[in-house]
Amino acid sequence: MDISDAASTTTTKTVTEYDRAKEVQAFDDTKAGVKGLVDAGVVNIPRIFIRPPAELAEELTTHQSKLQVPVIDLDGIRYNQLEDIVDQVRAASQTWGFFQVINHGVPLNLIQEMIEGVHKFNEQDVEVKKQFYTRERTRNVRFNSNFDLYHSRTASWRDTLAISTSGTKSLEPNEWPKVCRDTIMEYIKEVSKLGETLFEILSMALGLKPEYLKDMGCFNLYSVICHYYPHCPQPELTLGARTHSDPSFLTILLQDQIGGLQVFNENQWIDVNPISGGLVVNIGDFLQVVSNDELKSVDHRVVANVHATARVSVACFFTGHTTETQKPFGPIKELISKENPPVYREFLVGEYFSKYFSKELESKSAGLKQFEV
């Protein structure tokens, strides 16, 4: 089955003619991802990407909001303004679950190089990219389109390069994509420093010692997810990333200046407008659990890219322990009392991931409900 040919007729197929499993397999077999469809000149997106009618109808009732995600200047840490920054992070984490940081210490030239590196990987010869194409989660470096492709009702219009690493383990040089290896390695090092600072601030925001969250293992493991969102010929029919919350303690996101990220706040979708040199920070599901709902993990999504230039984002997920070094996480004892009983039971990160990767990307309520007391 030729995906590029099928794409032009998929919107006219009847329900009885449509074989989703076959179309998904054909798309995956190309190992070229969404960019392969764009390069083939598709005008009508394949049906596997088209959202259900109810979702599309719901979009017609939404309206633009002028609300904006809080922006926090971390430069104040150097000028004895730490207490004020802690207050700002606490407020943003309790009400939004999202905030942007500026003067964060990650070199601006490295941020630009990271964006360019993701472009270089995705825009190199497809045969080179195919060497990294896999759905085996045991691989430290993985390129594919939609990790939940075979479980989801609707695929998202994006391709992804995922790198799993930790602060104590280095990947072999030949495991890294050569075209962006040095940049990613340096970026991981710098963002790790920022992550450590943010965990200290969040610990203090919870009334704990600065090192508390790091000592309990929240900082131990991370993965870097590089998303590439090509131009979409029918952006009103699909999404770049469906509604979801993050399977992490904390996520630090680099997005380019194209935009498209939205966060759900006050029953409406709010654009997270890019700030030059800024980074987006959001609370993950795990941190909501250990804070006993003090800090909020919230739903977010990415709209399909209408621009001619591909959109790029790089998310660093701080996920705690590996499945090999299991340690249960639950509400922090210092935050529990008779007046504030535990909302969640203890869980293993591996337990969460085994369910997360066995089904389609889901909203926050679906991910956390399984751990409620």
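Trainee: What makes the meeting of the side chains of arginine 242 and aspartate 148 a salt bridge?

Mentor: In this predicted model, the side chains of arginine 242 and aspartate 148 come to 2.4 Å, N to O. The rule asks for a side-chain nitrogen of Lys or Arg within 4 Å of a carboxyl oxygen of Asp or Glu, and therefore the name applies. The pair links distant parts of the chain, with arginine 242 in strand 6 (residues 239-244) and aspartate 148 in the loop between strand 3 and strand 4 (159-166), 94 residues apart. Both arginine 242 and aspartate 148 are buried.

Trainee: How many salt bridges does this rule give?

Mentor: The count comes to 13 salt bridges. One of them joins the side chains of aspartate 28 and arginine 135, at 3.0 Å from N to O. Aspartate 28 belongs to helix 2 (residues 20-30), whereas arginine 135 sits in the loop between helix 7 (126-129) and strand 3 (141-144), and the two are 107 residues apart.

Trainee: Is aspartate 28 called buried or exposed, and why?

Mentor: The relative accessibility of aspartate 28 is 9%, and the word buried is used under 20%, so aspartate 28 counts as buried.

Trainee: How do you know which parts of the chain the pair of glutamate 59 and arginine 301 ties together?

Mentor: The side chains of glutamate 59 and arginine 301 meet in a salt bridge of 2.6 Å, N to O. Glutamate 59 lies in helix 4 (residues 53-59) and arginine 301 in strand 11, so the pair ties together parts that are 242 residues apart in sequence. Glutamate 59 has 23% relative accessibility and counts as partly exposed, whereas arginine 301, at 5%, counts as buried. Glu59 and Arg301 are also linked with Arg51 and Glu55 in a network of salt bridges.

Trainee: Why is histidine 300 called buried?

Mentor: Histidine 300, which lies in strand 11 (residues 300-303), has a relative accessibility of 5%, and buried means under 20%, so histidine 300 counts as buried.

Trainee: How do you know whether asparagine 305 is buried or exposed?

Mentor: Asparagine 305 is in the loop between strand 11 and strand 12 (311-318), and because its relative accessibility is 4%, asparagine 305 counts as buried. A polar atom of its side chain lies 2.9 Å from the backbone nitrogen of histidine 307.

Trainee: Which residues have the most contacts inside the largest nonpolar core?

Mentor: They are Tyr187 and Leu279, in a core of 72 residues. Helix 8 (residues 181-205) provides the largest share of this core, 10 residues. Tyrosine 187 touches, among others, Val106, Leu110, Met114 and Leu279. A second, separate core has 17 residues, including Tyr229, Val263, Val272 and Val298. In soluble globular proteins, nonpolar side chains tend to be buried together.

Technical notes:
Residues numbered from 1 in each chain as written. Predicted model: local features only at pLDDT ≥ 70, side-chain atom pairs only at ≥ 80, totals over all residues. Heavy atoms only, no water. Helix = DSSP H or I, 4+ residues; strand = E, 2+ residues; numbered from the N terminus. Buried < 20%, exposed > 50% of the residue type's maximum accessible area, 1.4 Å probe, protein only. Polar contact = N/O pair within 3.5 Å; in protein donor to acceptor, adjacent residues only side chain to side chain. Core = buried A, V, L, I, M, F, W, Y, C linked by side-chain atoms within 4.5 Å. Contact = heavy atoms within 4.5 Å. Lists of a residue's contacts leave out its neighbours within four places in sequence.
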